[in-house]
Amino acid sequence: MIFDRKNLDNDTLVSFYKKLLLPRMVEEKMLILLRQGRIGKWFSGIGQEAIAVGSTLAMADDEYILPMHRNLGVFTTRNIPLSRLMAQWQGKPSGFTKGRDRSFHFGTQEYKIIGMISHLGPQLALADGIALADVLSNQKKTTLVYTGEGATSEGDFHEALNIAAVWNLPVIFLIENNGYGLSTPTNEQYHCAQLVDRAIGYGMEGRRIDGNNILEVYHTITDIKNSIRENPRPVLLECMTFRMRGHEEASGTKYVPQNLMEWWSAKDPLANYEKYLLSQRALLPEWIPLIRKEFTTLIESEFEKVYNEADIVPDINTEVEDMYHPYNFPAAQPAATPATTKRYIDAISDGLRQGMRKYPNLVIMGQDIAEYGGAFKITQGFVEEFGKGRVRNTPICESGIVGAGMGLAINGYKAIVEMQFADFVTCGFNQIINNLAKTHYRWAQAVDMVVRMPTGAGTGAGPFHSQSNEAWFTKTPGLKVVYPAFPADAKGLLLAAIEDPNPFIYFEHKYLYRSISGEVPDNDVLIEIGKANIVQQGTAASIITFGLGVHWALEYTAKHPDQPLEIIDLRSLLPWDKEAVEASVKKTGRALVLHEDTLTSGFGAEIAAHIAEHCFKYLDAPVMRCGSLDTAIPMNKALEDQFLAKARLEETVEKLLAY
Ligand SMILES: Cc1ncc(C[n+]2csc(CCOP(=O)(O)OP(=O)(O)O)c2C)c(N)n1
């Protein structure tokens, strides 16, 4: 192994040595603790430390790093106290996730480290968003994100690199190529000669280096940083290394040929660097035991601190509350005057525009939303007013863009991401469910984002442009879900979602876009999240519904003025207004839950269960549900009409009233 010190003096070389040695020694201690059953899992980075340490040394302290599960050296090099790391690994109260997540699955703004979630890949797009925030605020910074070579097969890798290339984002994508993805060797993971060649396909530069040589890693990252500082762009860096231990300790290394182990043992990053320093007389042999002793004492005393820390005392309220960033709805709202009659679609546009004016750090991203104005023209004219920096056309990659939105939120921005159709959210599902929703609970980071979802049927658009998929999200704690049925609510709920720093799924019904109009305040009046609206007072039964269902119910009651039905428009689905529903059902004694989604496990099931549980003694009839058929949504008009819940509304109401 050839080391090139370039302009580094002896003290610096020795400081690098200490940075390299510390994670090795911490790991050795952890392996003992693992055997003693004091920590649950350990993903070893032994043999790979030069990458984590060398790259972190090259990064400025205020630049974000997004490491993986084997990168202890990132955390130690950023000088996180060992006791805090150990508390994290042991699930103690002073750990970064307060016992809620394990090992390196946490982030910390204090140290500008954004740890991965268990899923391989999503962190790559977060790096894009973080870098985008730096670019938008004219900060000449670099973001460094890691991936294993195995995870380069994930779509998230492709999406993140492509976005970064198209947007010239200053991100270093570092592949730690350690030969195996769990037990699967590289020749069963990918078919190109070397992963760095993929850079060509993205139109970006790529470099491949010896990841076991700390100086090579350090100099390469420094060099790339200096260059992209002047000329922002992403770079792909493949660092060759080897995983010397099992994927995690229980999985072993039996599948690794012995000669391969021996070859890489000879290339150990610590032993070789030590030899080099000794040869340079930068390090003297008698210093080594002293440094080691100092670290042993440190590790032991830090461990003792954590070992003696009291365990977490579970508290349900704390757990439930911490799913969300605290937010108090402003009690006083401005008077809703003057007001203008607007279509539902224009009310959304109006809300977006006012949100963009109010928050210069708000960025909207989506397919075709810039000059073209979006598939439904909701952002028409936005580029002219707010510029292309904040109104961003995206490549077609929902996962990458939702992840980039979260990266913006991590780095001080607010983001709105438009799904061209709510159906396509499936391609961004992982980011929403596992990153947006769980991050605040895990490490108290607010994800200030709104995902806009043009939803619903009624336009003969078939199975992939008409789905009602709100129930995929209402069962996910950490998200807030809203679904306006009227123009004023569409604007007020959107503004409230922009205001609230939690992640929102905002449903907007395509059929209502141009089919309904109403009075909409010109100013920014917020509608409180979680508050239903009694659209029509009545005594015979309560129809609890939302979205297009509200209009079906209104149409029905207009035709049946003899039936005094109460119509509750939920407006928010997570959280939803249990008090309003209970009060209505207690008054009418009969409840019908109506929605456009398919019946089985639709959101109505939750409401019906709640009513049955909490209002049983007030009921004069069983709670009834009216939902769409349990089939995919057909395109043909007659088939679609038959599919939709509306077709069965009349018979269900009659059954309910006759019971
Ligand atoms: C999306 C996803 N699929 C599968 C896994 C299970 N898993 C965890 S690590 C791993 C191997 C990863 O290999 P690589 O990306 O090369 O990183 P390494 O562990 O070698 O550092 C697998 C399959 C996961 N965590 N996430």
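Begin by selecting helix α4 (residues 82-89) together with helix α11 (residues 287-307), which pack at an angle of about 50° with their axes 8 Å apart; axes here are lines fitted to C-alpha atoms, for helices over the stretch in contact, and angles run from 0 to 180 degrees between N-to-C directions. This is a predicted model, in which local features need pLDDT of at least 70, side-chain atom pairs count only at pLDDT 80 or more, and totals for chains, interfaces and linings use all residues. Residues are numbered from 1 along each chain as its sequence is written, and side-chain values use heavy atoms, with hydrogens and water left out. Helices (H or I, at least four residues) and strands (E, at least two) are DSSP runs, numbered from the N terminus.

Next, show the side chains where these two helices touch, contact meaning heavy atoms within 4.5 Å: Leu82, Ser83, Met86 and Ala87 of α4 meet Leu298, Ile299, Glu302, Phe303, Lys305 and Val306 of α11.

Now move to the open sheet of 7 strands, whose order is β12-β11-β13-β14-β16-β15-β21 with mixed pairing; two strands pair if DSSP finds at least two bridges between them. At its edges stand β12 (391-393) and β21 (572-574), each with a single partner strand, so one side of each has no neighbour in the sheet.

Within the sheet, select β11 (residues 362-366) and β13 (residues 414-418), which run parallel and are joined by 5 bridges, and find valine 363, whose bridge partner in β13 is alanine 415.
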